Amino acid sequence: MLIAQITDLHIRMPGQKAYRVVETDRYLPPAVDALNRLDPAPTLTIVSGDLTDFGRPQEYAHLKNMLDGLNAPYFLMPGNHDAREALVQAFPEHRYLHGEDGYVQYTVEDHPLRLLMLDTVVPMQSHGALCAQRLQWLRERLAEQPGRPTVIAMHHPPFLTGIAHMDAIGLLEGAAELEQIVAAHPNVERILCGHLHRTIFRRFGGTVASTCPSPAHQVALDLRPEGPSAFVMEPPGFHLHEWRDHALVTHHAYIGAYPGPYPFHEGGALIDE
């Protein structure tokens with residue numbers, strides 16, 4: 001099973017620039033093309049939040065036109081830039097988006113890995129939270145199949161990253177409770193997150209939690225406590241998570257055309273010239 005993960009698309013309308021710099025909608029088609037060219041092809045794609053920049057219906061319509069070009073099925077999650085109601089209305093065939101109790105939480109069952117999609121959004125706020133209701137939903141889902149390999153996907157990472165301005169709008173409620181729940185379920189193979197626009201890994205609750213880069217702009221790598229809120233136009237990317245030999249192996253992949261591939265060997269020997 002091969003899971004592609006893209007995140008933090010921040011789609012705006014054609015010609016509009018996010019933060020006066022990034023025409024985000026120009027970056028998604030190359031990402032779709034890159035995913036469609038993969039061999040082997042992804043089993044599915046997780047799009048882990050901040051799908052649009054302002055949660056406007058026209059942004060979701062524009063997003064849908066592009067995502068529908070993916071060959072593999074894709075599963076959506078909201079981020080802090082999204083609006084649940086507009087998201088649900090824009091993707092009527094994605095019935096799982098109706099979730100439960102007003103949250104976009106659901107399971108994906110038809111694969112060797114079970115996927116649990118967890119909603120961390122606080123409406124009209126940048127930070128995330130896991131309230132008692134959402135955590136109880138997770139407890140109940142994990143209790144259903146305690147021995148089955150499982151991935152949890154969510155937008156806000158449940159750990160501090162050292163990038164101060166992002167930690168200030170991270171998962172500000174429920175992280176400690178989530179860690180206790182995950183620690184009690186060793187079948188949780190990974191926690192996949194977005195929000196940070198960077199590749200970051202951390203041990204969490206006996207498993208590994210990770211964040212994924214954006215196919216557009218990346219958050220600046222600045223670990224100073226007073227580091228400003230800023231982004232850089234580093235190479236766009238995505239993650240590939242391969243379920244192999246009863247473990248999940250993650251690759252960071254870049255989007256774009258780069259020189260190569262070049263051979264290491266020629267005539268059976270390492271090239272030395």
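Modeller: Buried means under 20% relative accessible area, and exposed means over 50%. The model discussed here is a predicted one.

Biologist: Is histidine 217 buried or exposed?

Modeller: Histidine 217 lies in the loop between β11 and β12 (218–219). Its relative accessibility is 3%, and the cut-off for burial is under 20%. Histidine 217 therefore counts as buried.

Biologist: Is aspartate 8 buried or exposed?

Modeller: Aspartate 8 is found in the loop between β1 (2–6) and α1. Its phi is near 55 degrees, a positive value in a residue other than glycine. Most residues other than glycine have a negative phi. At 0% relative accessibility, aspartate 8 is buried.

Biologist: And histidine 246, what is its relative accessible area?

Modeller: Histidine 246 sits in the loop between β14 (237–244) and β15. Its phi, near 60 degrees, is positive in a residue other than glycine. Histidine 246 is exposed, and its relative accessible area is 71%.

Biologist: Which residue does a cis peptide bond join to aspartate 39?

Modeller: Most peptide bonds are trans. At aspartate 39 the bond is cis, with omega about 10 degrees.

Biologist: Where is proline 261?

Modeller: A cis peptide bond joins glycine 260 and proline 261, with omega about 5 degrees. The place of proline 261 is the loop between β15 (247–254) and β16 (265–266).

Biologist: Why do the buried residues of α6 line one face of the helix?

Modeller: In α6 (residues 175–183), the residues Ala175, Leu178, Ile181 and Val182 are buried. Seen down the axis of α6, these buried residues line one face because they fall within an arc of 120 degrees. An α-helix has 3.6 residues a turn, so residues three or four places apart point the same way. The value asked for is the arc of 120 degrees.

Biologist: Which exposed residues are carried by the face of α6 turned away from its buried side?

Modeller: The buried residues of α6 pack against α4 (132–144), β7 (150–153), β8 (171–173), β9 (188–193), β10 (200–204) and β11 (207–211). The face turned away from that buried side carries exposed residues. They are Ala176 and Gln180.

Biologist: Which residue in β9 stands opposite isoleucine 152?

Modeller: β9 is mostly covered, with five of its six residues buried. β7 and β9 pair in the parallel sense over four bridges. Opposite isoleucine 152 stands a residue of β9, isoleucine 191.

Biologist: Which residue in β11 stands opposite leucine 192?

Modeller: β9 and β11 also pair in the parallel sense, over three bridges. Opposite leucine 192 in this pairing stands serine 210.

Biologist: Do β10 and β11 pair in the parallel or the antiparallel sense?

Modeller: These strands form a hairpin with two residues between them, and glycine 205 in the turn has a positive phi of about 60 degrees. Isoleucine 200 stands opposite threonine 211 in β11. The pairing of β10 and β11 has five bridges, and its sense is antiparallel.

Biologist: What radius of gyration does the chain have?

Modeller: The C-alpha atoms fill a box of roughly 65 × 45 × 45 Å along the principal axes. A compact globule of 273 residues would have a radius of gyration near 19 Å. The chain agrees with this, at 19 Å.

Biologist: How many helices and strands are there in the chain?

Modeller: UniProt, in an unreviewed entry, lists residues 1–198 as "domain: Calcineurin-like phosphoesterase". Over residues 1–198 the chain is 27% helix and 18% strand. In the chain there are six helices and 17 strands.

Conventions: Residues are numbered from 1 along each chain as its sequence is written. This is a predicted model: local features need pLDDT of at least 70, side-chain atom pairs count only at pLDDT 80 or more; totals for chains, interfaces and linings use all residues. Side-chain values use heavy atoms; hydrogens and water are left out. Buried means under 20% relative accessible area, exposed over 50%, partly exposed in between (1.4 Å probe, protein chains only). The arc is that of the directions from the helix axis to the C-beta atoms. Contact means heavy atoms within 4.5 Å. Two strands pair if DSSP finds at least two bridges between them. UniProt positions are given in the numbering used here, feature names are shortened, and annotations may be inferred rather than shown by experiment. The radius of gyration is taken over C-alpha atoms; the globule rule is 2.2 Å times the number of residues to the power 0.38.
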